[in-house]
Amino acid sequence: MYTAFAKNKRMAVRAYAGDAMTMLAFDILKPSYTKNFAGFTIEFKNKTMPEFKALNNRLGFDASKEKHPSTDAPFQKFRWVHVLRNFTKDNDKPFFGEYQYRITPRYFENGQLVPFQKVSPLDQVTVSIHVGPFVKGDTAVSFTRGFLISQAYTDRFGSNANLRPKRAELTFDTQTVNEVFSTGKISAGTKTYTYEEQYAWLGFNARKSLMDFIEEVIKDKNKRLDVLAYDFSEPVIAAKLLQLAAEGRLRMMLDDHDDKDAKDSGGKKGDPLYKKEFAQAFEKAKDKGSLMVRHHFSGLAHCKIMIQTDKAHQPVKVLTGSANFTVNGLYINANHIVIMSQPNALKHYGE
């Protein structure tokens, strides 16, 4: 179910399923119901929760607090997106399944917000919808979080936007603690975290889908992987592909556009990106059956395609989308990954 709708005499609510998120849209049904209107309280619940929990609002009547439950500070918008908040550790995965959202219109009385406890249950609207990865038939679409410059990111990682150790090699241990913590640039009391935790949170479901796609090939020795890439700097992807190259199970076309912008490498402007380094590592690692071709186009190729194949190189599943296989593409920019297994798509990409 990708949309859900419910209403009462006062308001209507429609829920739209996204990728591990839900967009909620509201409507007040009569002009008379807008008098002294203060906004909406949004609560949610799933089978792991004993009762409804209110979403927090950054804007509230009490300026001394950073977060305000929407029972005390209603959202003054007619739409809101609820994003599942985890994806940082294996033991901190979000719950996928049926969610209930309870929406309550709120009003002022004599200049004060009517307490939530006094709201009539008859004024509330509850809508149920499945929340999880967005899959329809043979197609799955997943998104990066794209929230590097956001309060949500700052809450978890402080103001640190460092996503690669300076002068790092192509691949490095992402389970190491972010090096900014050793420089004294993080305020006292901030919890330390690894690059892997940053990557998992920022990459959201797009990163997980991409990593799972490669892992399916690594674990199934009967599969091969074909890759067409414009840019390349994500260390975990690079390590996994080099493993496949060493097993003779990777064919790759990698653009050789001479781009000297080093924003993605953690170095200074003028430093090279990691395409050359990856190509050199590939040549050292490859076994019989693995092949790399470097192509120079008159313009930017901008390919980001992976194709799972069988031993005869017949395609069985395709990954594409807007996300380059880079730190920028997965952890800074708002991008998406599309995975398809329809016969027509497989034929097209295979050709």
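Reader: In which sense do strand 14 and strand 15 pair, and over how many bridges?

Author: Happy to start there. Strands of a sheet pair through backbone hydrogen bonds, either parallel or antiparallel. Here strand 14 and strand 15 pair in the parallel sense over five bridges, and Asp226 stands opposite Arg251 in strand 15. Helices (H or I, at least four residues) and strands (E, at least two) are DSSP runs, numbered from the N terminus.

Reader: And what kind of model is this?

Author: This is a predicted model, in which local features need pLDDT of at least 70 and side-chain atom pairs count only at pLDDT 80 or more, while totals for chains, interfaces and linings use all residues. Residues are numbered from 1 along each chain as its sequence is written, and side-chain values use heavy atoms, with hydrogens and water left out.

Reader: What is the strand order of the open sheet of eight strands?

Author: The order is 12-13-19-18-17-14-15-16, and the pairing is mixed. Strand 12 (134-136) and strand 16 (291-295) each have a single partner strand, so one side of each has no neighbour in the sheet. From one strand to the next, the twist averages 15°.

Reader: Which strands run antiparallel, joined by four bridges?

Author: Strand 18 (residues 315-321) and strand 19 (residues 336-340) do. In that pair, Thr320 stands opposite Val338 in strand 19.

Reader: Where does helix 3 lie?

Author: Helix 3 (residues 235-246) lies across strand 14 (224-229), strand 15 (250-255) and strand 17 (304-309), at about 130° to strand 15. Axes are lines fitted to C-alpha atoms, for helices over the stretch in contact (heavy atoms within 4.5 Å), and angles run from 0 to 180 degrees between N-to-C directions.

Reader: How much space lies in the largest pocket?

Author: A pocket is found on a 1 Å grid over the protein atoms alone, as an open set of points where a 1.4 Å probe fits, with protein on both sides within 12 Å along at least five of seven lines. Grid points are joined across faces, edges and corners, and a volume is the space filled by probe spheres set on the points. The largest pocket holds about 1,200 Å³.

Reader: Which residues lie nearest its centre?

Author: Of the 40 residues lining the largest pocket, Leu55, Asn56, Trp80, His82 and Val83 lie nearest its centre; a lining residue has an atom within 4 Å of a point. Strand 8 gives the most to this lining, with five residues.

Note on methods. Pairing = 2+ DSSP bridges.
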